[in-house]
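The exercises below concern a ligand site and a set of charged side-chain pairs.

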Amino acid sequence: MAKTIVKIENLVKRYKELIALDHFSLEIKEGEVFGLLGPNGSGKTTAINCLLSLLTFDKGTIEVFGEEMAPDNYKVKGQIGVIMQNVAVFDELTVYENIDYFCGLYIKDKTLRKKYVQEAIEFVGLENFTKFYPKKLSGGLLRRLNIACGIAHKPKLIILDEPTVAVDPQSRNRILEGIQELNRQGATIIYTSHYMEEVEQICTRIAIIDKGKNLAIGTKDELKKLIRNTETITIEVLDIPEEAVTAINGLEHVYETSFEDGRLTIRCSGGRHNLIRVLGVLSDREIPFGRVYSEQPTLNDVFLEVTGKELRDTEGK
Ligand code: ADP
Ligand code: MG
(Lines give C-alpha, C1' and ligand atoms only; values in the text may rest on other atoms or scores of the structure.)
(Ligands and ions follow the chains in the order given, each with its own letter.)
Protein backbone atom coordinates (compact mmCIF):
# COMPACT_ATOMS: atom_id res chain seq x y z
CA MET A 1 0.00 0.00 0.00
CA ALA A 2 1.46 3.32 -1.04
CA LYS A 3 2.14 5.92 1.63
CA THR A 4 -0.35 8.70 2.21
CA ILE A 5 1.24 12.01 1.23
CA VAL A 6 -1.66 14.38 1.80
CA LYS A 7 -4.73 13.90 3.92
CA ILE A 8 -7.35 16.61 4.13
CA GLU A 9 -10.40 15.99 6.27
CA ASN A 10 -13.55 18.07 6.47
CA LEU A 11 -11.87 21.31 5.58
CA VAL A 12 -14.07 24.37 5.89
CA LYS A 13 -12.82 27.76 4.76
CA ARG A 14 -14.92 30.91 4.76
CA TYR A 15 -14.18 34.32 3.37
CA LYS A 16 -16.70 36.27 5.43
CA GLU A 17 -20.13 34.94 4.31
CA LEU A 18 -18.73 32.98 1.38
CA ILE A 19 -18.00 29.32 2.01
CA ALA A 20 -15.02 28.66 -0.26
CA LEU A 21 -14.42 25.10 1.00
CA ASP A 22 -17.32 23.11 2.34
CA HIS A 23 -16.28 19.99 4.26
CA PHE A 24 -13.65 19.24 1.68
CA SER A 25 -11.79 15.95 2.08
CA LEU A 26 -9.23 14.07 0.06
CA GLU A 27 -6.34 11.68 0.39
CA ILE A 28 -3.40 11.54 -1.98
CA LYS A 29 -0.99 8.60 -2.13
CA GLU A 30 2.68 8.56 -2.98
CA GLY A 31 3.33 8.42 -6.74
CA GLU A 32 0.03 9.88 -7.86
CA VAL A 33 -0.58 12.66 -10.33
CA PHE A 34 -3.65 13.91 -8.56
CA GLY A 35 -5.96 16.29 -10.42
CA LEU A 36 -8.25 18.87 -8.86
CA LEU A 37 -10.73 19.60 -11.62
CA GLY A 38 -13.21 22.41 -11.18
CA PRO A 39 -14.41 25.62 -12.78
CA ASN A 40 -13.07 29.02 -11.82
CA GLY A 41 -14.12 29.93 -8.31
CA SER A 42 -14.69 26.32 -7.22
CA GLY A 43 -12.05 26.54 -4.48
CA LYS A 44 -8.94 24.95 -6.00
CA THR A 45 -6.51 27.71 -5.09
CA THR A 46 -8.06 28.08 -1.65
CA ALA A 47 -7.53 24.35 -1.04
CA ILE A 48 -3.88 24.62 -2.12
CA ASN A 49 -3.28 27.68 0.05
CA CYS A 50 -4.78 25.93 3.07
CA LEU A 51 -2.68 22.86 2.34
CA LEU A 52 0.44 25.03 2.37
CA SER A 53 -0.59 26.81 5.58
CA LEU A 54 -0.68 30.08 3.70
CA LEU A 55 -4.29 30.52 4.78
CA THR A 56 -5.97 29.81 8.07
CA PHE A 57 -9.17 27.79 7.92
CA ASP A 58 -12.28 27.41 10.03
CA LYS A 59 -12.52 23.69 10.48
CA GLY A 60 -10.86 20.43 9.53
CA THR A 61 -7.41 18.86 9.53
CA ILE A 62 -4.55 18.73 7.06
CA GLU A 63 -1.67 16.28 7.20
CA VAL A 64 1.27 16.27 4.82
CA PHE A 65 3.83 13.44 4.91
CA GLY A 66 2.01 12.15 7.98
CA GLU A 67 2.50 15.35 9.96
CA GLU A 68 0.04 18.03 10.83
CA MET A 69 0.65 20.97 8.54
CA ALA A 70 1.50 24.26 10.24
CA PRO A 71 2.98 27.58 9.11
CA ASP A 72 6.27 26.82 10.87
CA ASN A 73 6.58 23.20 9.77
CA TYR A 74 9.67 23.90 7.67
CA LYS A 75 10.68 20.26 7.53
CA VAL A 76 7.52 19.46 5.58
CA LYS A 77 7.58 22.71 3.61
CA GLY A 78 11.11 21.96 2.38
CA GLN A 79 9.84 18.84 0.67
CA ILE A 80 7.09 20.66 -1.20
CA GLY A 81 7.51 22.51 -4.47
CA VAL A 82 4.85 25.02 -5.39
CA ILE A 83 4.02 26.55 -8.72
CA MET A 84 1.41 29.17 -8.03
CA GLN A 85 -1.37 30.22 -10.35
CA ASN A 86 -0.02 33.75 -10.55
CA VAL A 87 3.60 33.68 -11.68
CA ALA A 88 5.76 34.70 -8.75
CA VAL A 89 9.33 35.58 -9.74
CA PHE A 90 11.59 38.57 -9.11
CA ASP A 91 11.66 41.07 -11.97
CA GLU A 92 15.08 42.36 -10.95
CA LEU A 93 16.70 38.92 -11.07
CA THR A 94 17.64 37.04 -14.26
CA VAL A 95 16.26 33.61 -15.08
CA TYR A 96 19.34 31.96 -13.57
CA GLU A 97 19.30 34.15 -10.47
CA ASN A 98 15.61 33.54 -9.84
CA ILE A 99 15.99 29.77 -9.93
CA ASP A 100 19.14 30.00 -7.81
CA TYR A 101 17.30 32.15 -5.27
CA PHE A 102 14.36 29.78 -4.84
CA CYS A 103 16.59 26.70 -4.81
CA GLY A 104 18.79 28.44 -2.24
CA LEU A 105 15.92 28.63 0.21
CA TYR A 106 16.29 24.88 0.65
CA ILE A 107 19.69 23.86 -0.71
CA LYS A 108 22.55 25.54 1.10
CA ASP A 109 25.44 23.53 -0.39
CA LYS A 110 26.73 25.66 -3.28
CA THR A 111 28.04 22.87 -5.50
CA LEU A 112 24.87 20.86 -5.15
CA ARG A 113 22.76 23.95 -5.73
CA LYS A 114 24.63 24.79 -8.94
CA LYS A 115 23.92 21.29 -10.20
CA TYR A 116 20.23 21.47 -9.24
CA VAL A 117 19.77 24.90 -10.82
CA GLN A 118 21.38 23.68 -14.03
CA GLU A 119 19.16 20.60 -14.05
CA ALA A 120 16.04 22.72 -13.54
CA ILE A 121 17.05 25.00 -16.42
CA GLU A 122 17.52 22.02 -18.71
CA PHE A 123 14.34 20.42 -17.49
CA VAL A 124 12.17 23.35 -18.56
CA GLY A 125 14.30 24.14 -21.61
CA LEU A 126 15.44 27.63 -20.68
CA GLU A 127 19.14 27.08 -21.55
CA ASN A 128 19.12 29.97 -24.04
CA PHE A 129 17.44 32.40 -21.68
CA THR A 130 19.42 32.17 -18.46
CA LYS A 131 20.57 35.80 -18.63
CA PHE A 132 17.13 37.17 -19.54
CA TYR A 133 15.03 39.17 -17.12
CA PRO A 134 11.44 37.91 -16.63
CA LYS A 135 9.96 40.95 -18.43
CA LYS A 136 11.64 39.84 -21.66
CA LEU A 137 10.09 36.36 -21.59
CA SER A 138 6.91 35.31 -23.42
CA GLY A 139 4.00 34.01 -21.34
CA GLY A 140 4.98 30.39 -21.97
CA LEU A 141 8.64 30.91 -21.09
CA LEU A 142 7.65 32.80 -17.95
CA ARG A 143 5.51 29.83 -16.89
CA ARG A 144 8.47 27.55 -17.46
CA LEU A 145 10.63 29.81 -15.28
CA ASN A 146 7.94 29.70 -12.60
CA ILE A 147 8.03 25.92 -12.76
CA ALA A 148 11.83 25.77 -12.64
CA CYS A 149 11.79 27.92 -9.48
CA GLY A 150 9.31 25.53 -7.86
CA ILE A 151 11.06 22.26 -8.66
CA ALA A 152 14.81 23.02 -8.56
CA HIS A 153 15.23 21.77 -4.98
CA LYS A 154 13.80 18.37 -6.00
CA PRO A 155 10.75 18.30 -3.76
CA LYS A 156 8.87 15.07 -3.11
CA LEU A 157 5.49 16.75 -3.48
CA ILE A 158 4.93 19.19 -6.32
CA ILE A 159 1.82 21.35 -6.47
CA LEU A 160 0.95 23.12 -9.71
CA ASP A 161 -2.00 25.48 -9.69
CA GLU A 162 -3.32 25.97 -13.24
CA PRO A 163 0.14 26.11 -14.81
CA THR A 164 -1.15 26.07 -18.40
CA VAL A 165 -3.57 28.99 -18.34
CA ALA A 166 -2.75 31.53 -21.08
CA VAL A 167 0.10 29.40 -22.38
CA ASP A 168 0.76 28.65 -26.07
CA PRO A 169 0.20 25.04 -27.19
CA GLN A 170 3.90 24.26 -27.47
CA SER A 171 4.70 25.37 -23.93
CA ARG A 172 1.52 23.69 -22.73
CA ASN A 173 2.57 20.31 -24.09
CA ARG A 174 6.04 20.77 -22.71
CA ILE A 175 4.58 21.56 -19.28
CA LEU A 176 2.26 18.52 -19.33
CA GLU A 177 5.08 16.22 -20.41
CA GLY A 178 7.34 17.79 -17.79
CA ILE A 179 4.83 17.04 -15.05
CA GLN A 180 4.71 13.39 -16.10
CA GLU A 181 8.49 13.23 -16.17
CA LEU A 182 8.73 14.67 -12.65
CA ASN A 183 6.27 12.00 -11.58
CA ARG A 184 8.35 9.26 -13.23
CA GLN A 185 11.35 10.58 -11.33
CA GLY A 186 9.44 9.94 -8.11
CA ALA A 187 7.52 13.09 -7.22
CA THR A 188 3.90 13.03 -6.15
CA ILE A 189 1.97 15.69 -8.05
CA ILE A 190 -1.09 17.79 -7.30
CA TYR A 191 -2.35 19.46 -10.40
CA THR A 192 -5.28 21.86 -10.59
CA SER A 193 -7.04 22.79 -13.79
CA HIS A 194 -10.36 23.68 -15.31
CA TYR A 195 -9.34 21.96 -18.56
CA MET A 196 -10.75 18.45 -18.43
CA GLU A 197 -8.70 17.26 -21.42
CA GLU A 198 -5.45 18.00 -19.60
CA VAL A 199 -6.60 16.35 -16.43
CA GLU A 200 -7.68 13.25 -18.39
CA GLN A 201 -4.34 13.18 -20.15
CA ILE A 202 -2.01 13.25 -17.17
CA CYS A 203 -3.82 12.49 -13.91
CA THR A 204 -3.92 9.07 -12.23
CA ARG A 205 -6.84 10.17 -10.02
CA ILE A 206 -9.14 13.11 -10.17
CA ALA A 207 -11.38 14.98 -7.75
CA ILE A 208 -14.22 16.91 -9.32
CA ILE A 209 -14.91 20.01 -7.30
CA ASP A 210 -17.58 22.66 -7.47
CA LYS A 211 -18.56 25.36 -4.99
CA GLY A 212 -15.96 24.16 -2.50
CA LYS A 213 -17.24 20.60 -2.40
CA ASN A 214 -15.45 17.48 -3.51
CA LEU A 215 -18.25 15.88 -5.53
CA ALA A 216 -16.58 12.80 -6.96
CA ILE A 217 -13.19 11.19 -6.82
CA GLY A 218 -11.52 8.37 -8.73
CA THR A 219 -9.59 7.42 -11.85
CA LYS A 220 -11.10 8.78 -15.03
CA ASP A 221 -12.61 5.37 -15.77
CA GLU A 222 -14.06 5.11 -12.27
CA LEU A 223 -15.58 8.57 -12.59
CA LYS A 224 -17.14 7.71 -15.93
CA LYS A 225 -18.67 4.57 -14.42
CA LEU A 226 -20.34 6.68 -11.73
CA ILE A 227 -22.67 8.20 -14.27
CA ARG A 228 -25.46 6.75 -16.31
CA ASN A 229 -24.24 8.20 -19.60
CA THR A 230 -22.37 5.68 -21.75
CA GLU A 231 -22.68 7.31 -25.15
CA THR A 232 -23.63 10.69 -26.55
CA ILE A 233 -24.75 10.79 -30.16
CA THR A 234 -24.70 14.06 -32.06
CA ILE A 235 -26.32 14.42 -35.47
CA GLU A 236 -26.37 17.48 -37.69
CA VAL A 237 -29.91 18.02 -38.98
CA LEU A 238 -31.37 21.19 -40.46
CA ASP A 239 -34.77 20.60 -38.98
CA ILE A 240 -36.62 17.80 -37.27
CA PRO A 241 -40.31 17.43 -36.40
CA GLU A 242 -41.16 17.21 -32.72
CA GLU A 243 -42.68 13.78 -33.33
CA ALA A 244 -39.33 12.38 -34.49
CA VAL A 245 -37.55 13.78 -31.43
CA THR A 246 -40.18 12.10 -29.25
CA ALA A 247 -39.72 8.82 -31.16
CA ILE A 248 -35.95 8.92 -30.60
CA ASN A 249 -36.39 9.81 -26.97
CA GLY A 250 -38.69 6.78 -26.64
CA LEU A 251 -36.02 4.35 -27.84
CA GLU A 252 -34.67 1.92 -25.32
CA HIS A 253 -31.41 3.18 -23.64
CA VAL A 254 -32.07 6.80 -24.65
CA TYR A 255 -32.66 9.05 -21.66
CA GLU A 256 -32.37 12.55 -23.09
CA THR A 257 -32.83 14.08 -26.53
CA SER A 258 -32.48 17.72 -27.45
CA PHE A 259 -32.38 19.73 -30.66
CA GLU A 260 -30.60 23.06 -30.83
CA ASP A 261 -28.74 25.06 -33.49
CA GLY A 262 -29.00 22.31 -36.11
CA ARG A 263 -27.65 19.66 -33.76
CA LEU A 264 -29.57 16.77 -32.36
CA THR A 265 -28.00 15.49 -29.14
CA ILE A 266 -28.98 12.07 -27.82
CA ARG A 267 -27.73 10.77 -24.50
CA CYS A 268 -27.76 7.02 -23.99
CA SER A 269 -27.27 4.70 -21.07
CA GLY A 270 -26.17 1.20 -22.02
CA GLY A 271 -27.20 -0.63 -25.18
CA ARG A 272 -25.03 -1.54 -28.13
CA HIS A 273 -26.64 -0.35 -31.32
CA ASN A 274 -28.01 3.01 -30.27
CA LEU A 275 -26.65 4.86 -33.27
CA ILE A 276 -28.20 2.46 -35.78
CA ARG A 277 -31.60 2.64 -34.10
CA VAL A 278 -31.49 6.44 -33.92
CA LEU A 279 -30.57 6.70 -37.61
CA GLY A 280 -33.42 4.25 -38.31
CA VAL A 281 -35.90 6.74 -36.87
CA LEU A 282 -34.53 9.44 -39.18
CA SER A 283 -34.49 7.30 -42.33
CA ASP A 284 -38.01 5.93 -41.69
CA ARG A 285 -39.18 9.54 -41.88
CA GLU A 286 -36.80 10.48 -44.71
CA ILE A 287 -35.22 13.21 -42.59
CA PRO A 288 -31.91 14.23 -44.16
CA PHE A 289 -28.90 14.55 -41.87
CA GLY A 290 -25.26 15.64 -42.07
CA ARG A 291 -22.37 14.58 -39.88
CA VAL A 292 -22.89 12.04 -37.14
CA TYR A 293 -20.74 11.53 -34.05
CA SER A 294 -20.89 8.98 -31.30
CA GLU A 295 -18.79 9.82 -28.25
CA GLN A 296 -17.86 7.96 -25.09
CA PRO A 297 -18.44 9.90 -21.87
CA THR A 298 -15.93 12.60 -21.08
CA LEU A 299 -15.18 14.20 -17.73
CA ASN A 300 -17.53 16.93 -18.91
CA ASP A 301 -20.37 14.40 -18.84
CA VAL A 302 -19.35 13.39 -15.33
CA PHE A 303 -19.30 17.03 -14.33
CA LEU A 304 -22.68 17.57 -15.94
CA GLU A 305 -24.26 14.71 -14.03
CA VAL A 306 -22.77 15.55 -10.65
CA THR A 307 -23.35 19.31 -10.83
CA GLY A 308 -26.14 19.75 -13.38
CA LYS A 309 -24.05 22.14 -15.47
CA GLU A 310 -21.38 21.96 -18.17
CA LEU A 311 -17.75 22.40 -17.23
CA ARG A 312 -17.11 23.68 -20.75
CA ASP A 313 -19.52 26.57 -20.30
CA THR A 314 -17.62 27.87 -17.32
CA GLU A 315 -14.25 28.04 -19.08
CA GLY A 316 -12.69 31.44 -19.36
CA LYS A 317 -15.25 33.09 -17.17
P1 ADP B 1 -10.40 28.54 -7.98
O2 ADP B 1 -8.95 28.51 -7.67
O3 ADP B 1 -11.02 27.19 -8.13
O4 ADP B 1 -10.71 29.41 -9.16
P5 ADP B 1 -10.60 30.08 -5.54
O6 ADP B 1 -10.10 29.19 -4.48
O7 ADP B 1 -9.69 31.13 -6.06
O8 ADP B 1 -11.18 29.18 -6.75
O9 ADP B 1 -11.92 30.81 -5.05
C10 ADP B 1 -12.98 30.13 -4.40
C11 ADP B 1 -14.03 31.14 -3.99
O12 ADP B 1 -13.52 31.98 -2.97
C13 ADP B 1 -14.45 32.08 -5.11
O14 ADP B 1 -15.82 32.33 -4.96
C15 ADP B 1 -13.63 33.32 -4.87
O16 ADP B 1 -14.29 34.46 -5.37
C17 ADP B 1 -13.52 33.34 -3.36
N18 ADP B 1 -12.26 33.95 -2.88
C19 ADP B 1 -11.01 33.56 -3.18
N20 ADP B 1 -10.09 34.30 -2.53
C21 ADP B 1 -10.78 35.20 -1.79
C22 ADP B 1 -10.41 36.24 -0.88
N23 ADP B 1 -9.13 36.50 -0.61
N24 ADP B 1 -11.40 36.95 -0.31
C25 ADP B 1 -12.70 36.70 -0.57
N26 ADP B 1 -13.13 35.72 -1.40
C27 ADP B 1 -12.19 34.98 -2.02
MG1 MG C 1 -7.37 29.23 -8.73
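**Exercise 1: The shell around ligand 1**

In this predicted model, the shell of ligand 1 consists of Tyr 15, Leu 18, Ala 20, Pro 39, Asn 40, Gly 41, Ser 42, Gly 43, Lys 44, Thr 45 and Thr 46. Determine how these residues divide by class, which element supplies the largest share of them, and which backbone atoms lie close to ligand oxygens in Gly 41, Ser 42 and Gly 43.

*Solution.* 

1. Sorting the shell by class gives four nonpolar, six polar and one charged residues.
2. Turning to secondary structure, both β2 (18-29) and α1 (44-51) contribute at least two residues to the shell, and it is α1 that provides the largest share, with three residues.
3. For the backbone, a polar atom of Gly 41 is found 2.7 Å from an oxygen atom of ligand 1, a backbone N or O atom of Ser 42 is 3.2 Å from a ligand oxygen, and a polar backbone atom of Gly 43 is 3.0 Å from an oxygen of ligand 1.
4. As for cover, ligand 1 on its own would expose 560 Å², of which the protein buries 59%.

**Exercise 2: Salt bridges and the parts they join**

Among the 17 salt bridges found in the whole structure, examine the pairs Lys 135 with Asp 91 and Arg 291 with Glu 236, and state where each partner lies and whether it is buried, partly exposed or exposed.

*Solution.* 

1. In the pair of Lys 135 and Asp 91, the closest N and O atoms are 3.2 Å apart. Because Lys 135 belongs to the loop between α4 (110-124) and α5 (139-151), whereas Asp 91 belongs to the loop between β6 (80-83) and α3 (95-104), this pair ties together parts 44 residues apart in sequence.
2. Lys 135 has a relative accessibility of 68% and is therefore exposed, the cut-off being over 50%, while Asp 91, at 38%, is partly exposed.
3. In the pair of Arg 291 and Glu 236, the closest N and O atoms are 3.3 Å apart. Since Arg 291 sits in the loop between α10 (274-284) and β14 (292-295) and Glu 236 in strand β11 (residues 231-236), the parts tied together are 55 residues apart in sequence.
4. Arg 291 is exposed at 54% relative accessibility, and Glu 236 is partly exposed at 22%.

**Exercise 3: A pair and a network**

Describe the salt bridge of Glu 27 and name the residues linked in a network of salt bridges with Glu 119.

*Solution.* 

1. Glu 27 meets Lys 29 through their side chains, with an N to O distance of 3.3 Å, and Glu 27 is partly exposed, its relative accessible area being 30%.
2. The network links Glu 119 with Lys 115 and Lys 154.

Methods: Residues are numbered from 1 along each chain as its sequence is written. Chains are lettered from A and ligands numbered from 1 in the order in which they are written. This is a predicted model: local features need pLDDT of at least 70, side-chain atom pairs count only at pLDDT 80 or more; totals for chains, interfaces and linings use all residues. Side-chain values use heavy atoms; hydrogens and water are left out. A residue is near a molecule or strand if one of its heavy atoms lies within 4 Å of it. A polar contact is a pair of N or O atoms within 3.5 Å; within protein, one must be able to donate a hydrogen and the other to accept it, and residues adjacent in sequence count only if both atoms are side-chain atoms. Accessible areas come from the Shrake-Rupley method with a 1.4 Å probe; for residues, only the protein chains shown count as cover. Helices (H or I, at least four residues) and strands (E, at least two) are DSSP runs, numbered from the N terminus. Ala, Val, Leu, Ile, Met, Phe, Trp, Tyr, Cys and Pro count as nonpolar, Asp, Glu, Lys and Arg as charged, and the others, Gly among them, as polar. A salt bridge is a side-chain nitrogen of Lys or Arg within 4 Å of a carboxyl oxygen of Asp or Glu. Buried means under 20% relative accessible area, exposed over 50%, partly exposed in between (1.4 Å probe, protein chains only).
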